[in-house]
Amino acid sequence: MPSQLISKIQMAMRARQCAIGDQLLRAIQSRQAKLVLFSSACGGNRKKKLKDKCAYYQVPIFEIDAEQFEQISQKPMMSLAILDDNFAKGIMKDMKG
């Protein structure tokens with residue numbers, strides 16, 4: 001993952017356009033989440049739960065290497081949701097190409 005992608009995710013976090021922790025599943029269910037990102041170090045049950053929720057509510061989901069995911073924030077976290085449509089489109093564009 002290029003540092004440009006990490007900086008976009010960090011910018012979304014500074015703009016308070018991310019949901020983490022308990023807010024993550026609520027954001028998916030309320031259709032506020034535009035994109036979900038999770039670490040490859042995330043547990044199996046959590047991965048399945050996120051993938052199932054995202055499939056049901058039609059939210060794109062991407063897995064990121066654990067080392068690179070740790071660069072996003074100093075807070076320990078394994079997954080996050082991007083709430084802003086423009087941030088999500090920019091991040092997805094960088095992830096795919």
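**Ground rules.** I'm working from a predicted model, where local features need pLDDT of at least 70 and side-chain atom pairs count only at pLDDT 80 or more, while totals for chains, interfaces and linings use all residues. Residues are numbered from 1 along each chain as its sequence is written, and side-chain values use heavy atoms, with hydrogens and water left out. Helices here are DSSP runs of H or I, at least four residues, and strands are runs of E, at least two, numbered from the N terminus.

**α3.** I checked the length of α3 (residues 44-57): its 14 residues should span 20 Å at 1.5 Å a residue, and the end C-alpha atoms are 20 Å apart, so the two agree. (The expected span is 1.5 Å times one less than the number of residues.) Next I looked up burial, with buried meaning under 20% relative accessible area and exposed over 50%, using a 1.4 Å probe and protein chains only. Lys47, Leu50, Cys54 and Tyr57 are buried in α3. They cover an arc of only 120° around the axis (taken from the directions from the helix axis to the C-beta atoms), which puts them on the same side of α3. On the other side I found Gly44, Asn45, Lys48, Ala55 and Tyr56 exposed. The buried set packs against α2 (22-29), β2, β3 and β4, contact being heavy atoms within 4.5 Å. After α3 comes Gln58, with a positive phi near 55°.

**α5.** I then moved to α5 (residues 85-96), where Ala88, Gly90, Ile91, Met92 and Asp94 are buried. Their packing partners are α1 (3-14), β2 (35-39), β3 (61-64) and β4 (79-82).
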